[in-house]
Amino acid sequence: MRVLFVPELYRPDDATANGTLNDAVALVEQWLDIDPNLHVYWLLAPPETANYDHGYVLADRERVTLVEAEPFMHGHEHEDAFSETGYTEDQFRAIEETIFDVSGYVDVAIDQQVTGRYDLSKWLHRLGGGPAAEVRPTEVVGYVHDLRLPFKRHGREMPDDAPVKVELSAATYADGLWFKAGVDAERMREYGTAVLDEAFLDDLLDDALETGSPLDFGEYEESYADDPERLHVAGSGWGKKNLDVVLDAAETLHEEFGIRTLMTNMDPIPEGMADREFVDAYPECSRERYETALRTGDIAVCASDHETMPRTPFEQAASGQVLVVRDEPWAYDCVPEDYRLAGDLGDLEALAVRTVENWDEAVAENRRMVERVREVRGPERCGRRTHRDLAQRVERRISPVDGTAVRDDVATAASEFDGEIPLDDLRERAGEGTPISDLVYALRSLGYADAGNPGTPVFVASG
């Protein structure tokens, strides 16, 4: 099986700071362990553009290929406003040259972009054989990372609910939808009837998959202090985070209990927030500095208006920082419904005080919550669920070639090989005009499997 993954980089100049890519890498790592015949192609900006190395996206492995091309609006001062927008001619040419020019193919494309999906579908369909093919060359899965809905700030960045209308419309060009979080699937059903027919929407969502957002809990040590000494305020300073509320709580914790605050932010810290006497601030924080703060912090307060299975607060909780969280629907994709450290925005300060006053009980509650998060966001579970969906998309496209002339031609040509069957050699013997997708699915029908190698795909007898 060959999969093309197109992550959205909402921080286009720092790939490692994107939860979209972090999730994708975690899933791909699991798939490679599950499936020895899988090959993954990434469509990403070059490493020197997006500040990552090949190993970060597993492209130092034989069964992972990096397809490099600059994204839409690259280098423009407003490029971040178009992070979910595709595609450019250079990206399409890179797909053609890296994959199809060496007789490669794509079974499933996983697209985190919002616009441009129809063009991607057309291009992959054309390169895979188009209308001449017996088998649909590529299925496209829309991977919803953080649905732009009217109650979210980035869902209100354009007038007339344009962001949600565009995302909902784009979903109609997908063969399936993956949702990172259940709350977005639920809210898409709620808001979607303003754009899509209700019966169509029901069919679309009934077949959708909730992927979860994988967290490797082996990276964190859940170790708790005997008494809390530090509040850790981590992550971006975006408005939805309500950092003013968090720092008011931090000031109270300092005044009443002497608790200091660590602030770690990959960006500059918003003006005035790092100047308070009780704050130790680390703007433009390195990953190493952040990991040190994970080990030394004792409490975390998440006051966000909305999140979509966020990483940072649950990395904090898994590191032994007791998490006080906003009582909003998004939180319950991770925390138990009866989590006793969840409260309204105006109650978070008092809840943080009670957490310190009843520390042992708060630690026990955080442990209970982390167990729930381990269940929901364990990488193996997320990996199995998504790989199963991919495999089913391939499996159901095998039978259409049974009994066809293409299958007979491929069977005759395959019999001339001893062991490995490179697709380019097979194409020469079966007929240059045979669509690549038909060759692939005919081989699968005959009991062959892709070896998952780089370059020109090679098929071998399975089993």
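**Exercise 1. Find which ring face Arg-444 lies over, then look for a second case.**

Arg-444 lies over the face of Tyr-441, at 4.9 Å from the ring centre. The criterion is NZ of Lys or CZ of Arg within 6 Å of the ring centre and within 35 degrees of the ring normal. Next comes Arg-429, which lies over the face of Phe-417 at 4.2 Å from the ring centre.

A note before going on: this is a predicted model, where local features need pLDDT of at least 70, side-chain atom pairs count only at pLDDT 80 or more, and totals for chains, interfaces and linings use all residues. Residues are numbered from 1 along each chain as its sequence is written, and side-chain values use heavy atoms, with hydrogens and water left out.

**Exercise 2. Classify the ring pair of Phe-5 and Tyr-143.**

Start with the search of the whole structure, which finds 10 aromatic pairs. Rings of Phe, Tyr and Trp (its six-membered ring) pair if their centres lie within 6.5 Å; planes under 30 degrees apart count as stacked, over 60 as edge-to-face and the rest as tilted. For Phe-5 and Tyr-143 the centres are 6.2 Å apart and the planes at 50°, so this pair is tilted. Phe-5 belongs to strand 1 and Tyr-143 to strand 5, 138 residues apart; strands are DSSP runs (E, at least two residues), numbered from the N terminus. Both residues are buried (under 20% relative accessible area, 1.4 Å probe, protein chains only). Finally, ring pairs link Phe-5, Trp-31, Trp-42, Tyr-143 and Trp-178 into a cluster.

**Exercise 3. Work out the strand order of the open sheet.**

Its 7 strands have the order 3-2-1-4-5-6-7, with parallel pairing (at least two DSSP bridges between two strands).

Notes:
Helix = DSSP H or I, 4+ residues; strand = E, 2+ residues; numbered from the N terminus. Buried < 20%, exposed > 50% of the residue type's maximum accessible area, 1.4 Å probe, protein only.
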